[in-house]
Structure formats: structure tokens, C-alpha cells
Amino acid sequence: MQIIEIFIEGLKALQEYLSAHVLTCLIPAFFIAGAIAVFVSKKSVLKYFGANTKKYISYPVAALSGTILAVCSCTILPLFTSIHKRGAGIGPATAFLFSGPAINILAIVLTAQVLGYDIGLARAVSAVLMAVVIGLLMAFIFRKEEAKKHKDDDKMFAGQTDEEGNKRPIWIALLFFISLVLILVIGAASSSYIPWVPKLAIVYVLTLIVSVILIFYYTRDEVKNWGKETWGLTKKIVPILLIGVFIVGIIGGIAAYFIPGADPTNAIGVAVAPYIGGNDIFSCLLASIIGAILYMPTLLEVAIVGNLFGYSTGLMGGGPALALLLAGPSLSLPSMVVITKVMGWKKAAVYFVLVIIIAALVGFVYGMIAG
Amino acid sequence: MKIEILGTGCPKCKATEKIVKKAVEELGIKADIVKVEDLQEIVNRGVMMTPAIVVDGEVKIVGHVPSTDEIKKLLK
């Protein structure tokens, strides 16, 4: 009997993530992520990581390029090592290392849709700013070692990828991406802002625009690659997300039997609320440490914060929730081991401490503002 | 002919290896296929985006999983 009830809790959690409002935003987001991977020129970004690029250019580019370059977590490390050893140096390299996993369009969209627009926006903005701050601090702390390094390889960064220069006019590419983003935003907008009929009509027209652009300006191979990349991403992320959400529901169901006065939807939240529930600095720090240690598959951090720790049921404050979302994707115990190997233990330790402390501080400030 | 596949062991790199092996087999040519997984070694080749394919010391493909046809064209 109990086993069936626990199983049902898992299904209930799953149902929440398979509901229409989540799917309408996730499906376009996967298409956009696929389009970014295939159509956005990586060459144009990489050239800003050379040793002679001005710092005020390389830092923001590093902090933002996570969205464009870091489609696969395994490409982050070679890029990081190259930027660190032969390019712009430890500062922009660390900014990139942090921002790569932290700002991907899928994670931001899911956060906004499931946990709320305020925390989704806060997550996107503070991840970018944090990347720059962490990079600058790393560059400052290790400035002596950096000064000794000889830097030469601007050429390496200029001619990196083998992609062909695309012949499309820039406004077509822009129109293409703007249409995709509009489909996402309008499709996901609550029907209290836009009624169903005009919404469907607008999405229909936008889809037509995208199709026309694809037919006239993109080759068949490009469209095929886009489809392949989108499907590849979906296949990689969605099954793990759904299994994870199911397990989160089941953990809640089991915990409900051990925690007095709790029901399955908030059991863990009730249990941990005294430690990471409030908006005080201690809760934020603890949440940030949990996020840094715990391995969370892409997107599952949203379910962990929302369902498991109880942000959605109001048991966890906005502060610790944001702290966990910021420290979470960039760090985990396995990734710490790899980063230590690549950076050396001294730099790695400083990096980990910086991420944990700054994530906690940003969460704390957000908690004070948003409550 | 020596074909090196550069990658840290992620799914995309493994996919690349499979495709290269298939292409070599279909062409019926003799080639040594070597996997390079060491990060320093990859970076020393001047490669930042994996998977990458190096043919006889020359970097040919960087940053994406190639199709079988692409490899065949490379090897001819």
C-alpha cells in the first residue's frame, strides 16, 4: 500500500513537469538551443579570447559566451585550458568556466517558468555578473603568476573552427532568432495576458516566418543539422530530467512517512526549512555549499529547489534558492575533481571558495530585495 | 595514414570515433586510428573545441561530430 502511494507521489511530480505550460516553453527552448549550437558562428566569439584582446571586451564576452559555446560540458575544459594557458589568461578563462554551465537558455527558461519570472531573471543576470566578478578576482589574486607567462598565440584563437563563413545577410539570421524567441515568449505567456485565439494566431504566423527563412536562406544540410542537434540535446537532457523529477517526488513520498506533520509535496522542505529556509546569510551560505557539492543533472536543479527543498511551497526563501541555483550547475563534487586536476589545487580551491561565497552573498541580497 | 581523434571522452567524441572507423572501413584504406584524451596534449595541438580530427598531423575538423561523407572526403 505504502509503496503504491510513494509511487503515485513520483507520478504527481512528473505530471507537474509534463504539464502544458512547461512543455510549451521547453520545446521552443530546445529548438533555440539547437539553433545556437548550429547557426551561431563560434569563430566570431573565439577570437575575443586571444592574449591581446582588451580586458573590457574579453570579460563580458567570456561571461556571456556560455550560452553560445558550452553546449556540451566536455568542450568547456579544453576551451578553459586554452584560454588560461595561451590566451586571455586566468580571469576570462575562469569567467567562462563559471558561466558555461550557469547560463544556458534551457535552464533559465525552465527556472522562469516553474519557479517564477523574478527568480528566473535574477538567475540569468546574476550568473553573468558573478562570472565577471569571479574572473576579475581570480586574475587579481594570481596576478604574479599571470605576469610571468608568455602569451603569443593570438593566431590560434583567430582561426579556430573549421566552419564555413556563412553568406546569409545578418538581418536574416537576426530575424530568424528573434522569431524563435518570440514563439517561446508568446507561447509561454499566461493566457491572462494574451487570450488563446490571438496567441495561436501569432505563433502560427511566426512559425510561417521561420519556415520561409529556412526554405530560402538556409541549405537543407543546415536545417538537417539543426534538427539533429535539437533532437540530440532533447535526447540527452529530457530522460534524465524526467527520471530525476520522478525520484524527487518519490523521495518526498518516502520522507513524508518519517517527518511528522508533513505531506509528500513538502516533506523534505519541512525538514530542511530550519537550516536553508530563511533569507538570512547562514541559510544562503548553506544552500550555496549544498549546491556546490551536489551533482545535479542539467535542469534538475529547478526541481530540487522547487519541489524537494520547497521553494514552490513557500518553505524555502528566495535567497537560498537563488544561491543554490547559482552555485549548483557550475560546481559539483565530480566537477571539482576535474577542475582541480586542470587548474592545480591552489587556484581550484580559491575558485571554489569564491563561487560559494559570492553565490551566498548574491542570494542574500536577492532575499532581502525579493523576500 | 594516421588519424587521431581528439576528445576528452564525452559522448560526442565517442560518436566521432565510431564514424571515423566506419568511414575507414567503407573506404577500405589502411589507417591507424588513435584516440587522444589527454587535455594538455589536445591543447598543445592548438585545438579548443572537441571533438577534433587530425589527419597525418594536420587538424582537419574541430568542434563538431562529422558525417561519414565528410570523413570520406577528407581521407581521399
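Chain B has 3 helices and 4 strands, where helices (H or I, at least four residues) and strands (E, at least two) are DSSP runs numbered from the N terminus. This is a predicted model, in which local features need pLDDT of at least 70, side-chain atom pairs count only at pLDDT 80 or more, and totals for chains, interfaces and linings use all residues. Residues are numbered from 1 along each chain as its sequence is written, and chains are lettered from A and ligands numbered from 1 in the order in which they are written.

**Chain B overall**

- Along the sequence, chain B runs β-α-β-α-β-β-α.
- The radius of gyration of chain B is 11 Å, close to the 11 Å given by the globule rule for 76 residues, so chain B is as compact as a globular protein of that length. This radius is taken over C-alpha atoms, and the rule is 2.2 Å times the number of residues to the power 0.38.
- The C-alpha trace of chain B spans about 35 × 25 × 15 Å along its principal axes.
- Of the 76 residues in chain B, 38% are buried (20 or more other C-beta atoms within 10 Å of the residue's own, with C-beta atoms placed from the backbone).

**The sheet of chain B**

- An open sheet of 4 strands in chain B has the order S2-S1-S3-S4, with mixed pairing; two strands pair if DSSP finds at least two bridges between them.
- Strands S2 (32–36) and S4 (58–62) of chain B are at the edges with a single partner strand each, so one side of each has no neighbour in the sheet.
- Strand S1 (residues 2–6) of chain B pairs with S2(B) in the parallel sense over 5 bridges. B:Ile5 has B:Lys35 in S2(B) as its bridge partner.
- Helix H1 (residues 11–27) of chain B packs on the sheet and touches S1, S2 and strand S3 (52–55) of chain B. Contact means C-beta atoms, placed from the backbone, within 7 Å.

- A:Gly310 follows H17(A) and has a positive phi, near 85°.
- The largest nonpolar core has 122 residues, of which A:Val305, A:Ala323, A:Leu326 and A:Val355 touch the most other members. Such a core is a set of buried Ala, Val, Leu, Ile, Met, Phe, Trp, Tyr and Cys residues joined through C-beta atoms within 7 Å.
- Helix H2 (residues 20–39) of chain A gives the largest share of this core, 10 residues.

Terms used:
Contact = placed C-beta atoms within 7 Å. Axes fitted to C-alpha atoms, helices over the stretch in contact; angles between N-to-C directions. Buried ≥ 20, exposed ≤ 12 C-beta atoms within 10 Å, placed from the backbone.
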